[in-house]
Amino acid sequence: MPKPSAETDDRPRRVRIQRRGPLLVEGPVEVELEDGTVVSSDRFRVALCTCRRSRRYPWCDTSHRDRA
């Protein structure tokens with residue numbers, strides 16, 4: 001039996017909001033940036049940067065921990 005893909009899976013994607021942290025999203029995901037570029041991850045869960053301090057934006061690299 002084939003594994004369901006994000007395109008065929010009817011379940012809603014779960015997004016977890018954390019105070020002073022990244023958005024955790026059940027993957028796989030595609031993220032469209034402001035300039036129209038699309039980046040993707042096939043991981044089962046991804047952390048999206050909300051503070052824009054990440055050197056790997058839009059992926060979180062825990063730079064928010066340095067925030068004063």
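Val 29 touches Val 39, Ser 40, Ser 41, Val 46 and Trp 59, leaving aside residues up to four places away in sequence. This picture comes from a predicted model. Val 29 and Val 39 are 10 residues apart in sequence, and their C-alpha atoms lie 8.4 Å apart in space.

Val 29 belongs to strand S3, which covers residues 29-32. Val 29 and Val 31 make up the covered face. Glu 30 and Glu 32 make up the uncovered one. Val 29 counts as buried because its relative accessible area is 12%, under the 20% cut-off.

S3 pairs with strand S4, residues 38-41. The pairing is antiparallel and runs over 4 bridges. Within it, Val 31 stands opposite Val 39 of S4. The hairpin of S3 and S4 has 5 residues between the strands. Gly 36 in this hairpin takes a positive phi near 95°.

His 64 lies in the segment after strand S5 (45-48). Its contacts are Arg 20, Gly 21, Pro 22 and Cys 51, again without residues up to four places away in sequence.

| Residue | Relative accessible area | Location |
|---|---|---|
| Val 29 | 12% | strand S3 (residues 29-32) |

Conventions:
Residues are numbered from 1 along each chain as its sequence is written. This is a predicted model: local features need pLDDT of at least 70, side-chain atom pairs count only at pLDDT 80 or more; totals for chains, interfaces and linings use all residues. Side-chain values use heavy atoms; hydrogens and water are left out. Helices (H or I, at least four residues) and strands (E, at least two) are DSSP runs, numbered from the N terminus. Buried means under 20% relative accessible area, exposed over 50%, partly exposed in between (1.4 Å probe, protein chains only). Contact means heavy atoms within 4.5 Å. Two strands pair if DSSP finds at least two bridges between them.
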